[in-house]
Amino acid sequence: MAHPIRLGTVAAAATLLALSACSQGSATREDSGEDGQVVVRYMEFSSNGGNEQHLEEIAASFERENPGIDVQIETTPYADYFTKLQTAVAGGTEADAFELNYENFVTYAESGALAELDVDGGAYTPSLLEAFQHDGAQLGLPESFSDVVLFYNKDLFAAAGVPEPTADWTWEDERAAAEALTDTAAGVWGDYQPATFHEFYKALAQAGGQFLTEDGSATAFNSPEGIAAATWLAGKSGTVMPTEAEGAGTPDFDSTLFREGKLAMWHSGIWMFGPLADVPFEWDVVVEPGDVNQASAMFTNGVVVSANSEHPEEAQAWLEFLTSSDTTVDTRLNAGWELPPIADQDKLAPYLEQTPPANRQAVFDALEETVLPPVIVRQQEMQDAVTEELGNAAAGRKTVEQAVADAAARVDELL
Amino acid sequence: MSTSTAPRTQRQLPPSPPPKRRHRSTLRYGGNRLRRAGIVALFLAPSLIPLTLFTLVPMVSSLWVALHDWNLITPMEFVGLANFRELLTDGDTWAAFGHTLGYIAGYLPLVYLLGLAAALALNTALRGRNVFRAAYFLPVVTSWVVVALLWRWLLSPANGLVNHVLGLVGIDGPGWWTDPAWAMPSVILASAWKDLGFVMIILLAGLQAIPGELYDAARVDGTSAWQRFRHVTLPLLSPSTFFVVVISLINGFQVFDQVYVMTGGGPAGATEVVVQQIYDLTFRYGRAGDASALSWLLFAVVLVVTIVQVRGQRRWVTYA
């Protein structure tokens, strides 16, 4: 008796294994969902880290209105998302619809991996809609936009007797406050802004410099402005901000530090409003201090339909709902997530009425002076080279001047 | 390696030569050749089909990819040998090979000496030695990701156990994986810890294949323990040592998992080994053509090194 049973168990286990192996991310599978529904798979990164349930709510609402469609969300952290997406596209296993940031949209648009969309477009802010056009074709829809502001812990400022930041602050004010607020004995740090590519191109614009020359053929940041920006960023590590050896740069290190009330000022994105709503201290935001200029980083994400999708119409219907429906607008505004890209500014009004933070107007004030990341073909190599050289300066392995010169030389080779 | 699988009861016997004529004699009874070939194919299929699909086909394809510019998304563009030319003139390639050789230079002696020490200790009549053998072998069968995360935490400069203990005795521990000078030693330490059990098992089998009479004879000749180790154990262990060196060198050239998890090639590129470079080129920078070309350069280097070793073994490997 024992033998047939054991054989049966083995066979069942083997079948299960085989089935689960097949069902792992296969674009060719014809999963009809419940009651013959059409399944739309959607790959994304932007709900990761605290907004997952908000995206689920939007999807559930879409499914209620479209009972014939089952949306299956696949979330990957930003750090791994583009590796996974690239591999999925190369292997033909990408989802029906997926998310792209602006920097990566061009590569995918040129590759022919994206399906052309047929949308009215009137619901969207025109400039954001245009950002996802390529050679006259609408290959993507804007999904959200966001910017970076200066978060600060009001309780720490009050305890240290330091006046709170204002929109008129410059680097010098931030530096002085950060030094006054840093109390290493208590484990409290004054400031957090890593010396990375994304902080550097922004600080460079604040210092009045330019990353590339006008025609984009060479770097322009090995300049007094570039050195000023790099000095500003690299000088924080170990003085008013934890060093890499103390944990800086590891995932969630900065958000944990701020949440625990051990960080007075934090340069971060407005997508953190929701995740920080429940912290047990008072906090607010201001537009980031500039130097000779004001300049805030702005990011925009888009969504696209795969050219290989078997259900492009259903996929597009989901994306239109995801980007411009009233449900999405309400969910995004209530959650304090990235903002919806809609043209009707009146719908954004409820966003300003919520707290924390009290000064939500800063989110829109920051949009008045924005700087976009420089985009080149070998984007990731450029970002890594700049981040590595700035890291050398921050850790004291190179002088700031040497690090900036080396970074410029390395980026020049990539152009 | 017949030594590694020799049962302990046979330790007194010299290794028996392989029965050379068996093949011919079975052929005579085998019926027609076609049917035999079919049976052979049937038995080979379970290993041959996966090997073809997942090793041979990808290998040949990667040679094809190496002749193209390809970012995995847009169509491939034929460039001939340009990728190889570019790699050979790129300082990053030489740096990656340099880091890999640095890793091997630290890892190989360390893992061999630790493995030899463990094998010698556990070859004695120690109480509970089977428990120790299992304990030393446990890391070998543990996932690299788990081990690397564990070591990353142990060696964490800010709040790791190692620096905490060093702090208790008044030593200011280094920035293990955040300091470029210490990052490679950190990786080497973790690798040697994980792999020493494997080396130990191979050497242990080798030690047990050494006939006891040789030690008895050496004792009668009035040798010291060191002389017996130097002139009996080491020479007769040399086939096992050779195997360990060949395998460890190949593994050393292919080092990746622990680097990817512990340092990701950093800080400041200090642990950017060849396979990490191949990974970054493909999946971070969308340069699959360059990455494939680099894979073939690595293959060529490993092949040459292995041929040199196999040729050179005559000088120092003693087969009893």
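Domain bounds here come from an automatic or database domain assignment. For chain A that assignment gives domain 1 (33-145 + 299-353) and domain 2 (147-298 + 368-414), with residues numbered from 1 along each chain as its sequence is written and chains lettered from A in the order in which they are written. This is a predicted model, in which local features need pLDDT of at least 70 and side-chain atom pairs count only at pLDDT 80 or more, while totals for chains, interfaces and linings use all residues.

The C-alpha centres of the two domains of chain A lie 29 Å apart. Their contact takes 10 residues from domain 1 and 11 residues from domain 2, where two residues are in contact if their C-beta atoms, placed from the backbone, lie within 7 Å. On the side of domain 1 that touches domain 2 there are four nonpolar, four polar and two charged residues; Ala, Val, Leu, Ile, Met, Phe, Trp, Tyr, Cys and Pro count as nonpolar, Asp, Glu, Lys and Arg as charged, and the others, Gly among them, as polar.

Chain A also meets chain B, with 21 residues of chain A in contact with 14 residues of chain B. The side of chain B that touches chain A is made up of eight nonpolar, five polar and one charged residues.
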